[in-house]
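Please keep the sequence and the model side by side while reading.

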Amino acid sequence: MRKKIVAGNWKMNKTADEGLALVSEVVNMVSAEVTAPVTVVVCPPALYLTTFKSYLTGDKLALGAQNCHEKAAGAYTGEISAPMLKSVGVQYVILGHSERRQYFGETNAQLAEKVNIALENGLIPIFCCGESREMRETGDYVGFVKNQLTESLFHLSAEQMANVVIAYEPIWAIGTGLTASSAQAQDMHFALRQHLAGQFGDEVAQNTSILYGGSANAQNAQELFGQPDVDGGLIGGASLKSRDFLTVVKAA
Ligand SMILES: O=C[C@H](O)COP(=O)(O)O
C-alpha cells in the first residue's frame, strides 16, 4: 500500500524561536494524537535543519529540506547540496516547487539533475508539478503537467522512481485560498498515475504517493484526501499553525 504523507513546507517563515516553538508543538501533538499510519514531514528553512533533527524522530516524523543544488559540491555561493542535507539527517527534499521555478528559473532539465543527486544521496525527492491559471483556462494543462514528469523523472529506472514522491500543486491554488476541488485534484492525480504507469509499470505507479498542495487547510483536507488517488498533502500556510496542521495531518 502506498504511503500517506503530509509535508509542511514552511517556506521562508519563522524566526529561530518561533520555529522551535512550532516544531515542538507539532511533534507533541502528532506523537500524542496521531495513531493513523501517516508520515509527517517538516520542511523548515535550511538554517534550522540541524537543530530540528533531534525533534523529528520515530517513524511518524521526518525532516525535509525545501531545495538542494544539482551538484554535490563546489563554488556555488549560498547553495546547499544533497550530501550536506543527508549529513545532517534530512530524509526528504522538496524539488521543483513552483516558487523556485518562477523566482529562480528552475527548469525541468535542471530538476532532473536535482532528482538524480537527491536519490544518489539517499534523499526522497518530493517532486512538485502543476499548471498556471492561464494554462488551466486555455491550454492542455494535463499534458503540461505530464510533461513536467516526463522531462524530470522519466530517465529514472523503476527502482529509482519507487523512491520519489510527487506533489501536484496547481499554481493558481498556492497561497490564494482558491483550492482545487476534490474532483479536479482527483482527475489530475489519476492522470499522473496513469502517466507513471505507462513509463514505470503499474506496480510503481500504484505505490507512488501523489500529494496535493494549494490552499489545503483544516477545512478542506478531509475531502481532498478522501479521493482515491490523493495520498496526502504538501501544505504551506496551514503548516505554520500547529493546530491547523494537526487537523490536516489527521485528515490523511
Ligand atoms: O508547498 C506548499 C504549497 O505551495 C501550498 O502552499 P499553500 O498551502 O500556502 O497554498
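Leaving aside its neighbours within four places in sequence, which residues is isoleucine 171 in contact with? In this predicted model, isoleucine 171 is in contact with Ser98, Gly130, Glu131, Ser132 and Arg133, once the residues within four places in sequence are left aside. Serine 132 stands 39 residues apart from isoleucine 171 along the chain, yet the C-alpha atoms of the two are separated by 5.0 Å. Isoleucine 171 itself lies in the loop between strand 6 and helix 9, and because 20 C-beta neighbours are found inside 10 Å, isoleucine 171 counts as buried.

**The annotated active site**

The loop that holds isoleucine 171 is also the place of glutamate 169, between strand 6 (165–168) and helix 9 (182–200). According to an unreviewed UniProt entry, the feature "active site" is placed at His97 and Glu169. These positions are spread over 73 residues of sequence, but they cluster in space, with a largest C-alpha distance of 8.3 Å. Histidine 97 is found in another stretch of the chain, the loop between strand 4 (92–95) and helix 4 (98–104). Not counting residues up to four places away in sequence, glutamate 169 touches Ser98, Cys128, Gly130, Ile174, Gly213, Gly214 and Leu234.

**The annotated binding site and the ligand**

The unreviewed UniProt entry also lists Asn9, Trp10, Lys11, Gly175, Ser215, Gly236 and Gly237 under "binding site". Although these residues are spread over 229 residues of sequence, they cluster in space, and the largest C-alpha distance is 13.9 Å. Tryptophan 10 lies in the loop between strand 1 (4–9) and helix 1 (16–33), and, with residues up to four places away in sequence not counted, tryptophan 10 touches Cys43, Pro44, Pro45, Ser239 and Leu240. Glycine 237 belongs to the loop between strand 8 (232–235) and helix 12 (242–251). There are 14 residues around the ligand, of which Asn9, Ile174, Gly213, Gly236 and Gly237 come nearest. Sorted by class, this shell has 5 nonpolar, 8 polar and 1 charged residues.

| Residue | Other C-beta atoms within 10 Å | State |
|---|---|---|
| Histidine 97 | 27 C-beta neighbours inside 10 Å | buried |
| Glutamate 169 | 28 C-beta atoms within 10 Å | buried |
| Tryptophan 10 | 22 C-beta neighbours inside 10 Å | buried |
| Glycine 237 | 19 C-beta atoms within 10 Å | partly exposed |

Why is glycine 237 partly exposed? Glycine 237 has 19 other C-beta atoms within 10 Å, whereas a residue is buried if 20 or more lie within that distance, and therefore glycine 237 is described as partly exposed.

Strand 4 pairs with strand 3 (residues 61–65) in the parallel sense over 2 bridges, and tyrosine 92 in strand 4 is the bridge partner of glycine 64.

Key
Residues are numbered from 1 along each chain as its sequence is written. This is a predicted model: local features need pLDDT of at least 70, side-chain atom pairs count only at pLDDT 80 or more; totals for chains, interfaces and linings use all residues. UniProt positions are given in the numbering used here, feature names are shortened, and annotations may be inferred rather than shown by experiment. Helices (H or I, at least four residues) and strands (E, at least two) are DSSP runs, numbered from the N terminus. A residue is buried if 20 or more other C-beta atoms lie within 10 Å of its own, exposed if 12 or fewer, and partly exposed in between; C-beta atoms are placed from the backbone. Two residues are in contact if their C-beta atoms, placed from the backbone, lie within 7 Å. A residue is near a molecule or strand if its C-beta atom, placed from the backbone, lies within 6 Å of it. Ala, Val, Leu, Ile, Met, Phe, Trp, Tyr, Cys and Pro count as nonpolar, Asp, Glu, Lys and Arg as charged, and the others, Gly among them, as polar. Two strands pair if DSSP finds at least two bridges between them.
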